[in-house]
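Open the model in your viewer and keep the selection panel at hand. The stops below say what to select and what is there.

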Amino acid sequence: METHFFTLQEFMTFTKGVAYLLMGCGLIGLPLYWIFLTGRDDEMRRF
Amino acid sequence: MTTHETPKPAGIFTPFNMIAGAVLLLGFVITVLRFTGGLGAVTNLSHDNPWGFWIGFDLLCGVALAAGGYTTSAACYIFGLKRFHAAVRPAILTAFLGYALVVLALHYDVGRPWRLPYPIFYSPGPSSLLFEVALCVFLYLSVLFVEFTPAPLEWLGLGKIRGYVVRLTLVLTIFGVILSTLHQSSLGALFVIAPSKLHPLWYSAYLPIYFFVSSIFAGLSMVIFEGTLAHKYLHHKMDAEHLAASEGIVFAFGKAASFVMMGYVYIKLVGLAADHNWHYLATGWGAWYLFEIVGLVALPSFLYALGVREKNMRMIRFASALTVLGIVVNRLNVCLVAFNYHLPADQRYFPHWMEIALSVFVVTVGVAAYKFITTRMPVLYGHEDYKHGH
């Protein structure tokens, strides 16, 4: 269903709200993807 | 032990030489037609579509796929990942040839090659993005030329001059990264000026960022893809160091490309959200857009990740080919397919066969030059006299 906007304020509030939600997802999702990506890497030598 | 001896002379009439010769001959004929009859003689370009296949493929794809030069040299010399050293020279060579061919192809589109220095030295337009692109390509091609010169200097036995050039490596690498960041993004910014012409799914104020980020994984994937072809056809030219390092390079570059690609998918999603373009996804254009983003970015990213986890070289190499295809599709979408999307079908642009043939000619020149250089100069192997001189 398409959302209707009557003012620029409404448009910005809605789109920024979705963008902020996506940023939250990215903050969680991208580190998880990194863990998946490096999950079977050899142990780094620490000395 | 080095294994870069040619097994036996194959003669001049090899299948590669025959096909390349035929393509070069056809390209020469089209060159004559273009520079005697003008653009109209060999292209379908018009005032509605002044940028065609030569800009979309030869320039946009050429520049993106030549990004392996700055990504590899930055990894090796700026981030200090010296285990990627074996990949630097092939990547720099590919980038140098890529940019040289971009400039060559641009001559066909722009015409009047003797006026090439005009935008830089005679009538610069510093407020124009095209000026910035021209300046960066001019400077970066010069940087790549200097970065590549140690190989021909070693080949020619000019060790003293080579020593001076090698001292410039770090400065040239930093310069190359700055210039690449500037012009890779500017190529995307060129389309920001046309919000009414480009389909909303591809148009975004973030186009410069999309072009820059996609150039990073394009470059990484191109290094893997080109390495795959080099291993298949120029294996005998590689020395032990190159062969030993190649597997690690493929896994590391695959891992980096996978993460950057997932980041790219993520910023594309943010772009969709910022412009509120979700409803276009349910249209035919949306299906084509999803094919590009899911099929040619997210899927290869996942294949890279699986390949890295499973240590599956074949999967990573397949993912690199898919990524290179994805970059070509993306650049052609922005420049041709989704551009002027609202025009009636009979006014839409479709490249003339001679435009495509000339692009094949340009790619063939690149492949022939790559083969000529790698079979003679120390690119895929270290020169005996300079083994520890990098």
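Two residues count as in contact if their C-beta atoms, placed from the backbone, lie within 7 Å. This is a predicted model.

**Chain B as a whole**

Select chain B. Its secondary structure comprises 15 helices and zero strands. Along the principal axes, the C-alpha atoms fill a box of roughly 65 × 55 × 45 Å. The radius of gyration is 21 Å, which agrees with the value near 21 Å for a compact globule of 390 residues. Colour by burial: 44% of the 390 residues count as buried. Now turn to the contacts in chain B with a separation of 6 or more: 81% of these link residues 24 or more positions apart.

**The side that touches chain A**

Show both chains. How many residues of chain B are in contact with chain A? The count is 15, and they meet 14 residues of chain A. Helix H12 (240-275) and helix H13 (284-310) of chain B each supply at least two residues of this side. H12(B) gives the largest share, ten residues. By class, the side of chain B that touches chain A has nine nonpolar, four polar and two charged residues.

**H12 against H13**

Stay with these two helices and hide the rest. H12(B) and H13(B) pack at an angle of about 145°, and their axes are 8 Å apart. The crossing is left-handed. On H12(B), select the residues that meet H13(B), among them B:Phe251, B:Met261, B:Met262, B:Tyr264 and B:Lys268. On H13(B), their counterparts include B:Ile293, B:Val297, B:Pro300, B:Tyr304 and B:Val308. The residues of this contact divide into 13 nonpolar, four polar and two charged.

**B:Glu241**

Move along H12 of chain B to B:Glu241, which has its place in that helix. Is this residue buried, exposed or partly exposed? B:Glu241 counts as partly exposed because it has 14 C-beta neighbours inside 10 Å. Leaving aside neighbours within four places in sequence, B:Glu241 is in contact with B:Ala86 and B:Gly382. B:Glu241 and B:Tyr122 are 119 residues apart along the chain, and their C-alpha atoms are separated by 47 Å.

**H10 against H11**

Next, select helix H10 (residues 169-189) and helix H11 (residues 207-233) of chain B. They pack at an angle of about 130°, with axes 7 Å apart. That makes H10(B) oblique to H11(B). The crossing of H10(B) and H11(B) is right-handed. From H10(B), the meeting residues include B:Thr181, B:Gln184, B:Leu187 and B:Ala189. From H11(B), they include B:Leu207, B:Pro208, B:Tyr210, B:Phe212 and B:Ser215. This contact has eight nonpolar, six polar and no charged residues.

**Two loop residues with positive phi**

Select B:Lys311, in the loop between H13 and helix H14 (313-337) of chain B. Its phi is positive, about 55°, although B:Lys311 is not a glycine. With 11 C-beta neighbours inside 10 Å, B:Lys311 counts as exposed.

Finish at B:Asn340. Where is B:Asn340 placed? B:Asn340 lies in the loop between H14 and helix H15 (353-374) of chain B. B:Asn340 has a positive phi of about 60° and is not a glycine. With 17 other C-beta atoms within 10 Å, B:Asn340 is partly exposed.

Note on methods:
Residues are numbered from 1 along each chain as its sequence is written. Chains are lettered from A and ligands numbered from 1 in the order in which they are written. This is a predicted model: local features need pLDDT of at least 70, side-chain atom pairs count only at pLDDT 80 or more; totals for chains, interfaces and linings use all residues. Axes are lines fitted to C-alpha atoms, for helices over the stretch in contact, and angles run from 0 to 180 degrees between N-to-C directions. Helices (H or I, at least four residues) and strands (E, at least two) are DSSP runs, numbered from the N terminus. Angles under 35 degrees count as roughly parallel, over 145 as roughly antiparallel, 65 to 115 as roughly perpendicular and the rest as oblique. A crossing is left-handed if the near helix is turned anticlockwise from the far one by less than a right angle, and right-handed if clockwise. Ala, Val, Leu, Ile, Met, Phe, Trp, Tyr, Cys and Pro count as nonpolar, Asp, Glu, Lys and Arg as charged, and the others, Gly among them, as polar. A residue is buried if 20 or more other C-beta atoms lie within 10 Å of its own, exposed if 12 or fewer, and partly exposed in between; C-beta atoms are placed from the backbone. The radius of gyration is taken over C-alpha atoms; the globule rule is 2.2 Å times the number of residues to the power 0.38.
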